[in-house]
Amino acid sequence: MTVLIAGGGIGGLTLALSLHQIGIPAKVFESVSELRPLGVGINVLPHAVRELIELGLMDKLDASGVRTRELAYFSKHGKPIWNEPRGLEAGYKWPQFSIHRGTLQQLLLDTAIERLGRDNILTSHHLTGWTETAEGVRADFIDKATGEAAGTYDGALLIAADGIHSAAREKL
Ligand SMILES: Cc1cc2nc3c(=O)[nH]c(=O)nc-3n(C[C@H](O)[C@H](O)[C@H](O)COP(=O)(O)OP(=O)(O)OC[C@H]3O[C@@H](n4cnc5c(N)ncnc54)[C@H](O)[C@@H]3O)c2cc1C
């Protein structure tokens with residue numbers, strides 16, 4: 001029973017790691033040929049950090065991000081407007097992390113390759129459609145750069161983690 005995941009972003013990679021942790025085989029199909037650390041700094045809130053800690057990623061988060069202790073707003077003249085504690089300082093059981101989005105994605109990608117194997121994290125696989133089968137689902141992929149077919153894969157189910165412009169959501 002393999003779960004097919006379309007999209008190797010923060011959502012798809014975290015899902016793949018969680019499935020692997022509970023013994024469910026998963027395969028990630030990412031549209032681009034190479035995942036590069038793009039983006040800006042983001043704040044990963046305690047409820048999300050909890051999931052990452054349960055995946056055993058606390059040390060990697062500490063090595064790559066900053067534990068956020070406080071959120072503070074200032075006027076353009078530097079006068080404080082508002083501040084409040086965050087993460088552990090706010091009473092949560094888990095810290096909040098400020099981290100570059102690309103760094104987080106790379107951390108998840110490296111861990112996914114390490115745990116699931118490179119064969120299960122496929123790039124240049126852009127989901128174009130799927131059909132339901134007696135056993136689950138058959139998904140079709142192209143290499144978006146060339147427009148050529150990249151293969152058809154069978155799985156128990158297909159999860160769309162293909163972002164805000166989701167091709168799967170559009171079809172549904
Ligand atoms: C400026 C900015 C600031 C933000 N700040 C925060 C913050 O502080 N805290 C926070 O929690 N969130 C923040 N977010 C939101 C956060 O970045 C997103 O919620 C998160 O990245 C979504 O992850 P995702 O995996 O769902 O989608 P994405 O990260 O978009 O990943 C989708 C992946 O699917 C791939 N893909 C697309 N189509 C296909 C297809 N047909 N087949 C296969 N693969 C496909 C894409 O190439 C991509 O790699 C911010 C977002 C922005 C833009």
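**Basis of the description**

Helix axes are lines fitted to C-alpha atoms over the stretch in contact, and angles run from 0 to 180 degrees between N-to-C directions. Helices (H or I, at least four residues) and strands (E, at least two) are DSSP runs, numbered from the N terminus.

The model is a predicted one, in which local features need pLDDT of at least 70 and side-chain atom pairs count only at pLDDT 80 or more, while totals for chains, interfaces and linings use all residues. Residues are numbered from 1 along each chain as its sequence is written, and side-chain values use heavy atoms, with hydrogens and water left out.

**Overall make-up**

The protein has five helices and twelve strands. Its C-alpha trace spans about 60 × 35 × 25 Å along the principal axes.

Of the 172 residues, 33% count as buried, where buried means under 20% relative accessible area, exposed over 50% and partly exposed in between (1.4 Å probe, protein chains only). Contact means heavy atoms within 4.5 Å. Among contacts with a separation of 6 or more, 60% come from residues 24 or more positions apart.

**Packing of α1 against α4**

Helix α1 (residues 10-21) packs with helix α4 (residues 101-116) at an angle of about 30 degrees, and their axes are 9 Å apart. The two helices are therefore roughly parallel to each other; angles under 35 degrees count as roughly parallel, over 145 as roughly antiparallel, 65 to 115 as roughly perpendicular and the rest as oblique. The crossing of α1 and α4 is left-handed, meaning that the near helix is turned anticlockwise from the far one by less than a right angle, whereas clockwise would be right-handed.

On the α1 side the contact is made by Ile10, Leu13, Thr14, Ala16, Leu17 and His20. On the α4 side it is made by Arg101, Leu104, Gln105, Leu108, Leu109, Thr111, Ala112, Arg115 and Leu116. These residues divide into nine nonpolar, four polar and two charged. Ala, Val, Leu, Ile, Met, Phe, Trp, Tyr, Cys and Pro count as nonpolar, Asp, Glu, Lys and Arg as charged, and the others, Gly among them, as polar.

Gly12 is found in helix α1 and counts as buried at 0% relative accessibility. Leaving aside neighbours within four places in sequence, Gly12 is in contact with Ile5, Gly7, Val28 and Ala161. Thr14, also in helix α1, is buried with a relative accessible area of 16%. Beyond residues up to four places away in sequence, Thr14 touches Leu52, Leu55 and Leu108.

Ile113 lies in helix α4. Its C-alpha atom is separated by 9.7 Å from that of Leu13, 100 residues apart along the chain. Not counting residues up to four places away in sequence, Ile113 touches Arg118 and Ile121.

**The buried side of α2**

In helix α2 (residues 46-54), Pro46, Val49 and Leu52 are buried. They cover an arc of only 110 degrees around the axis, which puts them on the same side of α2; the arc is that of the directions from the helix axis to the C-beta atoms. The cover over the buried residues of α2 includes α1, β3 (41-44), α3 (58-64), β7 (96-100) and α4.

**Positive phi angles**

Gly56 follows α2 and has a positive phi, near 80 degrees. Ser124 has a positive phi of about 55 degrees although it is not a glycine. Most residues other than glycine have a negative phi. Ser124 sits in the loop between β8 (121-122) and β9 (126-132) and counts as buried at 16% relative accessibility.
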